[in-house]
Amino acid sequence: MILEDNQNVVKPRNSRAARPKVVYQWTVQDVQKWFRRHCYDYYVLYGEKFLQHEIIGRALIRINENQLYRMGIINPDHSQEICREILKLRLKTYILEFRDLERNNLYD
């Protein structure tokens with residue numbers, strides 16, 4: 001039988017896993033990592049364009065098809081798919097923000 005000594009167990013203050021960095025704080029490298037992970041087929045083709053334009057998180061979630069076209073992503077199918085992934089990221093970001101607002105309102 002194994003006994004645990006609860007006095008020596010350090011419990012984290014918040015037992016949830018650490019939340020990743022918010023999109024608004026992403027660096028160019030963070031955007032590259034996201035782009036490679038979520039748009040791999042297009043990363044090979046356009047990752048360098050995102051680097052050249054120094055796209056950070058704050059800019060990423062505001063990008064639309066016209067901006068992708070100006071960046072040199074002229075294939076409409078490619079830009080639509082990239083925009084779809086950006087939209088998913090934008091929605092996820094908004095949901096996390098709303099949850100934070102609700103949580104903060106509960107404790108105020």
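The structure is a predicted model, in which local features need a pLDDT of at least 70 and side-chain atom pairs count only at pLDDT 80 or more, whereas totals for chains, interfaces and linings use all residues. Residues are numbered from 1 along each chain as its sequence is written, and side-chain values use heavy atoms, with hydrogens and water left out. The pLDDT, which is the predictor's confidence in each residue on a scale from 0 to 100, has a mean of 86 for the protein, and 81% of the residues reach 70 or more.

Helices are DSSP runs (H or I, at least four residues), numbered from the N terminus.

Leaving aside neighbours within four places in sequence, Trp34 is in contact with Trp26, Cys39, Leu60, Glu85, Ile86 and Leu89. Ile63 lies in the loop between helix 3 and helix 4, and it counts as buried because its relative accessibility is 6%. With neighbours within four places again left aside, Ile63 is in contact with Phe50, Ile55, Leu68, Met71, Ile86 and Arg90. The C-alpha atoms of Ile63 and Cys83 are separated by 7.5 Å, although these residues are 20 residues apart along the chain.

Helix 5 spans residues 76-107 and includes His78, which is buried because its relative accessible area is 18%. Apart from neighbours within four places in sequence, His78 is in contact with Tyr42, Leu45, Tyr46 and Ile73. Thr93 is also found in helix 5; this residue counts as buried because its relative accessibility is 8%, and, with neighbours within four places left aside, it is in contact with Val23 and Tyr24.

A nonpolar surface patch of about 490 Å² is made by Leu87, Leu91, Tyr94, Phe98 and Leu101. Patches are made of residues with over 30% relative accessible area and no salt bridge, like charges being joined within 9 Å and nonpolar side chains (Val, Leu, Ile, Met, Phe, Trp, Tyr) within 5 Å. Tyr94 has its place in helix 5 and counts as partly exposed because its relative accessibility is 34%. Elsewhere, Glu54 is found in the loop between helix 2 and helix 3 (57-60), where it is exposed because its relative accessible area is 59%. The phi angle of Glu54 is near 50°, a positive value in a residue other than glycine.

Side chains of opposite charge can pair when their charged atoms come close. The structure holds 4 salt bridges, each defined by a side-chain nitrogen of Lys or Arg within 4 Å of a carboxyl oxygen of Asp or Glu. One of them joins the side chains of Lys21 and Asp30 (2.7 Å, N to O); Lys21 is partly exposed, with a relative accessible area of 42%, and Asp30 also counts as partly exposed, at 21%. Another salt bridge joins the side chains of Glu85 and Lys88 (3.0 Å, N to O), which are separated by about one helical turn because they are 3 residues apart in helix 5. Glu85 is buried, with a relative accessible area of 12%, whereas Lys88 counts as partly exposed at 49%. Arg103 forms a salt bridge with Asp100, the closest N and O atoms being 2.9 Å apart, and these two residues are likewise separated by about one helical turn because they are 3 residues apart in helix 5. Arg103 is partly exposed, with a relative accessible area of 27%, and Asp100 is partly exposed at 25%.

Notes
Buried means under 20% relative accessible area, exposed over 50%, partly exposed in between (1.4 Å probe, protein chains only). Contact means heavy atoms within 4.5 Å. Accessible areas come from the Shrake-Rupley method with a 1.4 Å probe; for residues, only the protein chains shown count as cover.
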